[in-house]
Amino acid sequence: MSLTDVLERSVKSMVLICGWVILFRIITGFLKQAFTGFVSECMITVITGFFELANGCVSLYSIDNDGLRFILASTLLSVGGLCVVLQTATAADGLSIQRYITGKCIQGFISTSLALLVQYYIFSSEHCFIISASTRFIGLTVLLGLTFFIIRKIIVAFPKKVVYN
């Protein structure tokens, strides 16, 4: 493969990925206009984040509740949105999109569950007067340790070849 072919392929990939970003930026703009006044700002943020990650994360500023913002940020960042899925499909040859989406949904579920646990047990103001700072730190350390243990078990059980066709 010549240098010209490599450069041409790189530019084509970059244009396709940027095209997905622009398309979904336009779609989310229309959706925000269509849903404003009919649904809550929180739902608009979730819908926007489902389609395009960056816009969804930027929309988090409109949510006043820090705990909910934390949980939604965790969910949006782990799932990535439809735009990220299509960018990945464009860039990764031979990737099984069905398995990729399934993996992203599992990742989103785990991330959201952990964010809920951390928010409720570690950072919740209702529990701060009951649980001391050192106990919260130990709880967070145990939670992170269990998370890494589970992720390691999943990686060992499902090697890379499972994701590809």
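Trainee: Why is Gln33 called exposed?

Mentor: In this predicted model, Gln33 has a relative accessible area of 66%. Exposed means over 50%, so Gln33 is exposed. Gln33 belongs to helix H1.

Trainee: How far is Gln33 from Ile44?

Mentor: Their C-alpha atoms are separated by 9.8 Å, and the two residues are 11 apart along the chain.

Trainee: What makes Trp20 partly exposed?

Mentor: The relative accessible area of Trp20 is 26%. Buried would need a value under 20% and exposed one over 50%, so Trp20 is partly exposed.

Trainee: And Phe24, buried or exposed?

Mentor: Phe24 has 4% relative accessibility. The limit for buried is under 20%, so Phe24 counts as buried.

Trainee: Where do Trp20 and Phe24 lie?

Mentor: Both are in helix H1, residues 3–35. They are 4 residues apart, about one turn of the helix.

Trainee: How many aromatic pairs does a search of the whole structure find?

Mentor: The search finds 3 aromatic pairs. In one of them, Trp20 with Phe24, the ring centres are 6.3 Å apart and the planes are at 40 degrees.

Trainee: Why is the pair of Trp20 and Phe24 called tilted?

Mentor: Centres within 6.5 Å make a pair, and here they are 6.3 Å apart. Stacked needs planes under 30 degrees apart and edge-to-face needs over 60. The planes of Trp20 and Phe24 are at 40 degrees, so the pair is tilted.

Trainee: Which residues form one aromatic cluster with Trp20?

Mentor: Phe24, Phe50 and Phe51 form one aromatic cluster with Trp20.

Trainee: Where is Phe50 in relation to the second largest pocket?

Mentor: Phe50 is among the residues that lie nearest the centre of that pocket, together with Val79, Gly80, Gly81 and Leu82. The lining has 14 residues, and the pocket holds about 240 Å³ of space.

Trainee: Which element gives the largest share of that lining?

Mentor: Helix H4 gives 4 residues to the lining of the second largest pocket, the largest share.

Trainee: What is the lining of the second largest pocket by class?

Mentor: The lining has 9 nonpolar, 4 polar and 1 charged residues. Gly counts as polar.

Trainee: Why is Thr48 called buried?

Mentor: Thr48 has a relative accessible area of 2%. Buried means under 20%, so Thr48 is buried. Thr48 is found in helix H2. Leaving aside neighbours within four places in sequence, Thr48 is in contact with Thr28, Lys32, Asn55, Gly56 and Ser59.

Trainee: How do you know that Ser59 is buried?

Mentor: The value for Ser59 is 6%. The limit is under 20%, so Ser59 is buried. Ser59 lies in helix H3, residues 53–59. Not counting residues up to four places away in sequence, Ser59 touches Lys32, Thr45 and Thr48.

Trainee: What makes up the largest nonpolar core?

Mentor: Leu60, Ile63, Leu72, Ala73 and Leu76 make up that core, 5 residues in all. Beyond its neighbours within four places in sequence, Leu76 is in contact with Gly49, Phe50, Leu53, Gly56, Cys57 and Leu60.

Trainee: How many helices and strands does the protein chain have?

Mentor: The protein chain has 8 helices and 0 strands. Of its 165 residues, 24% are buried. Among contacts between residues at least 6 apart in sequence, 61% join residues at least 24 apart.

Terms used:
Residues are numbered from 1 along each chain as its sequence is written. This is a predicted model: local features need pLDDT of at least 70, side-chain atom pairs count only at pLDDT 80 or more; totals for chains, interfaces and linings use all residues. Side-chain values use heavy atoms; hydrogens and water are left out. On a 1 Å grid over the protein atoms alone, a cavity is a set of points where a 1.4 Å probe fits but cannot get out, and a pocket is an open set with protein on both sides within 12 Å along at least five of seven lines; lining residues have an atom within 4 Å of a point. Grid points are joined across faces, edges and corners, and a volume is the space filled by probe spheres set on the points. Helices (H or I, at least four residues) and strands (E, at least two) are DSSP runs, numbered from the N terminus. Rings of Phe, Tyr and Trp (its six-membered ring) pair if their centres lie within 6.5 Å; planes under 30 degrees apart count as stacked, over 60 as edge-to-face and the rest as tilted. Buried means under 20% relative accessible area, exposed over 50%, partly exposed in between (1.4 Å probe, protein chains only). A nonpolar core is a set of buried Ala, Val, Leu, Ile, Met, Phe, Trp, Tyr and Cys residues joined through side-chain atoms within 4.5 Å. Contact means heavy atoms within 4.5 Å.
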